[in-house]
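Work through the exercises below with the sequence and the model open. Try each task before reading its solution.

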Amino acid sequence: MGRRSERLSRQGALAGDAGEGDVIQVVSRAFDVLRCFEGHEARLGNLEISNRCGLPRSTVSRLTHTLTRMGQLVYLPRDQKYRIGPSAVAMSASMMKGAQLRSMIRQRLQEVAEQLPGTVGFVVPDRFHLVYLQFARSPSALGLHEGTGSRISMASTAAGAAYTAALAPEVGDAFINDMEREAPEAVKILRPRIEANRQSLRERGYVTACGLWSPHINGLAVPIWSPQYQTFVVVTIGLLSAMYDEERLQAEAAPLMLALGRSLGSLMEGAEGDAFNNRISRKPVAMAVHNNNKPMSSEGVNELEAGTRRARPARSLRAGDGRR
């Protein structure tokens with residue numbers, strides 16, 4: 001009886017573990033479905049969602065039914081399609097309610113955009129892409145039209161190169177291996193450049209990507225450690241390659257972007273881990289220039305972003321100023 005009970009206990013534990021894994025997978029897939037809706041006005045049917053996120057249509061049907069009952073989606077009988085629901089909108093609004101900090105971030109982006117004829121963005125990682133949270137554009141900017149909420153490639157942009165280079169090497173390598181299973185073509189672009197990107201970040205504090213996303217656009221990006229997200233966010237700029245070759249990009253854009261990175265890093269540190277509430281200091285933050293050309297590694301990197309388990313807490317860049 002003792003052995004039988006022990007065996008049943010082990011089987012029950014394994015079943016419990018499997019059940020937990022199933023729950024995690026369902027939650028992950030539910031977010032995959034929600035990511036398909038770019039903007040509140042997007043209308044998608046189950047087949048379109050299935051094609052976008054690569055899930056079986058039967059799985060998508062069950063997920064959209066559940067998400068509709070939760071208010072995350074709304075079903076439109078006439079169109080036989082779904083759109084983002086009130087609960088998702090409310091969740092988004094509550095997470096983004098720190099208007100003061102967002103305004104300060106945008107103000108600093110605009111200060112750079114007024115000096116360089118390009119698009120300056122503040123982006124955060126979302127699995128194997130990055131999303132613009134804020135942006136500013138010079139009136140004379142041509143060729144780049146990204147805006148808040150736009151998703152950009154992790155593999156073929158300066159922002160993605162900077163984010164992956166900022167991760168501790170073992171975490172970054174695991175992240176790229178994870179990406180390879182879902183986006184093998186993107187990894188073919190990213191993997192051969194990762195060591196050069198890491199070296200550029202160690203030596204200069206930024207990463208460039210010239211003609212990679214578009215032959216007409218050269219980009220430069222600076223990663224910043226975010227206490228709020230416990231991962232790196234990125235400030236990036238895209239400029240016309242006809243006007244800014246790599247030499248001019250490094251000579252003229254890099255100093256401004258490094259100063260911007262330090263300024264935003266100070267802002268996020270001042271928010272004391274509560275970036276989207278209104279309890280931050282109203283004092284302006286000076287864009288002081290000091291050495292940012294030190295090696296970086298990650299601290300507390302989000303395991304879902306990194307695609308790996310951490311055996312111990314990693315060390316990090318603290319607010320973009322090169323300290324470990």
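**Exercise 1.** Find the ring that Arg-248 lies over.

Solution. Arg-248 lies over the face of Tyr-244, 4.0 Å from the ring centre. A charge sits over a ring if NZ of Lys or CZ of Arg is within 6 Å of the ring centre and within 35 degrees of the ring normal. Next, look at Arg-106: its charged end sits over the ring of Phe-135, at 5.9 Å from the centre.

The model is predicted: local features need pLDDT of at least 70 and side-chain atom pairs pLDDT 80 or more, while totals for chains, interfaces and linings use all residues. Residues are numbered from 1 along each chain as its sequence is written, and side-chain values use heavy atoms, without hydrogens and water.

**Exercise 2.** Classify the aromatic pair of Trp-225 and Phe-232.

Solution. Rings of Phe, Tyr and Trp (its six-membered ring) pair if their centres lie within 6.5 Å; planes under 30 degrees apart are stacked, over 60 edge-to-face, the rest tilted. The whole structure has four aromatic pairs. In one of them, Trp-225 and Phe-232 have centres 5.2 Å apart and planes at 75°, so the pair is edge-to-face. Ring pairs also link Phe-128, Tyr-163 and Phe-175 into a cluster.

**Exercise 3.** Is Asp-126 buried or exposed, and which side chains does Asp-126 contact?

Solution. The relative accessible area of Asp-126 is 15%, so Asp-126 is buried (under 20%; exposed is over 50%, partly exposed in between; 1.4 Å probe, protein chains only). Its side chain makes polar contacts with the side chains of Arg-35 (2.7 Å) and Arg-151 (2.5 Å). A polar contact is a pair of N or O atoms within 3.5 Å; within protein, one must be able to donate a hydrogen and the other to accept it, and residues adjacent in sequence count only if both atoms are side-chain atoms.
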